[in-house]
Amino acid sequence: RVDLEMTETVPHFFSKKPPNRGDEPSESETDRPAGSAFGGSQNNIGIWDRFLSRGVTTSEAGFEDGAASSSCWTTVTDTSRSFLRDLRRKAVVTVQHPDIWLTGLFVLVVLLGVSVGTLVAWSEEATNTMRVNAQGMAEEVSTAMSHRLDVVLVPLLTMRNYVKQLSGFRELSSLVGERGVAGSAPAADGAKGLSHRNMTGVFDKAVTDLFNEIAHDIRSTNGFDDIVMNIQLAPKAAVSMIYPLKETKVLTNGKVIVQDNTGAIGHDLLNDPNRVAIAIATVPAPGVVTAGPLNLVQGGVVKSLIARLPINFPGQSMTVLGKNYECWGFAVVILNWEQLIEQVGIYQRFESAGMLFSLTRTDSVKQTDGTFKDKVSIIAESEAITASGGNVTLPDDKLTFALNTTNNEWVMAVGYPHGFTVDWLPWSLALVIVGSVVITILIIV
């Protein structure tokens, strides 16, 4: 029955045999070429058939420009109306027979289930891949940073050995002495009295010259010139010797660095409110402790990483927060932070991978009431974040990793601009849903 009704509703221009209009063909029918695509009268055949039956151009077909346009539009609208009428009739038949639309519903559910499930599986796989890549990149950068730090911190270990072996260096701690004790280096005059001590005439020139010679050799013979800005000794945590004291240097990348470290001589790290927390942490530390990047009290390099190594051995004494330690003082190196991260290639690594990153450091800062408070500072981040003025940020689903640095206080956050989700999923789902509906309609009608 369905087939009969469907057959009856098919427009005559879809049938292979033209409708019977009488025994004698009309003039238009006799004029139609045998290969015409549609049967029926001249009004019902396709516009291209009409052109082909009378020639290529509209003038040869007997149409004026307006007549050709009107005839074409009429043919298109008539065909569309016939198709829509046929579609409505089929829809009525489908509604009247539940087995048809139930079958269509089943087909739709199957198509949606398979296609959406596949997309979700692909999305999860892509998300997991992105997470693995982000973690791998963070670990790669951490390893590169740690390796580079290990290399540039060699001067600290070398200077510690010299202090332990040479009597001239060992005696520096007793010459500086504890702050406020008679015979020790006094506090500096004026505004620097709290944070500096007066080192004038404390050291013998021969010891200073020996330090300069050793520090020069360490810095120049190991290829540290661009990163290691200067090397210091701080007996009793008071900076006493610096090499170089003054310098104008052209780095390999063409940048010019001007150093004048005279303002750092006598810097009392245990009494400067801005440095005391890290100095206190350095005394009992088993290894290198870093601070920064910071702006130096003596100026020069805009951002510098300060690395300190406690020099501990029997016969030495330092009192910190009421507790005595067998500590001589510190060996210190000042690192050019910009050169360090440039050599590691941290910006290029993340940019080439299409990722965003932020590297932070937590420092303990002494407050005016004598207590200490943690301060989190951003020490490096993607240029896209910096340049956006806050418009570009790391997504909420970012991954965070503690970097394997000297004292493990650096944290790196890594993510993608769109988060750990694939940006093609929303429009893919919409396309799949629309496609499934269209396929279902074509099947049932």
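Colleague: A polar contact is a pair of N or O atoms within 3.5 Å; within protein, one must be able to donate a hydrogen and the other to accept it, and residues adjacent in sequence count only if both atoms are side-chain atoms. With that settled, which residue caps the N-terminal end of α9?

Modeller: Asp204 does, with a side-chain oxygen 2.9 Å from the backbone nitrogen of Ala206. This is a predicted model, where local features need pLDDT of at least 70, side-chain atom pairs count only at pLDDT 80 or more, and totals for chains, interfaces and linings use all residues. Residues are numbered from 1 along each chain as its sequence is written, and side-chain values use heavy atoms, leaving out hydrogens and water.

Colleague: What counts as a helix, and how many residues does α9 have?

Modeller: Helices (H or I, at least four residues) and strands (E, at least two) are DSSP runs, numbered from the N terminus. Helix α9 covers residues 205–221, which is 17 residues. From first C-alpha to last, α9 reaches 24 Å, close to the expected 24 Å; the expected span is 1.5 Å times one less than the number of residues.

Colleague: Which residues of α9 are buried?

Modeller: Val207, Phe211, Ile214, Ala215, Ile218 and Arg219. Buried means under 20% relative accessible area, exposed over 50%, and partly exposed in between (1.4 Å probe, protein chains only).

Colleague: New topic. Where is Thr440, and is it buried or exposed?

Modeller: Thr440 is in helix α14, residues 425–444. Thr440 is buried, with a relative accessible area of 7%. The side chain of Thr440 reaches the backbone oxygen of Ser436 at 2.8 Å.

Colleague: Where is Lys255?

Modeller: Lys255 is in the loop between β3 (246–250) and β4 (256–260). Lys255 is partly exposed, at a relative accessible area of 39%.
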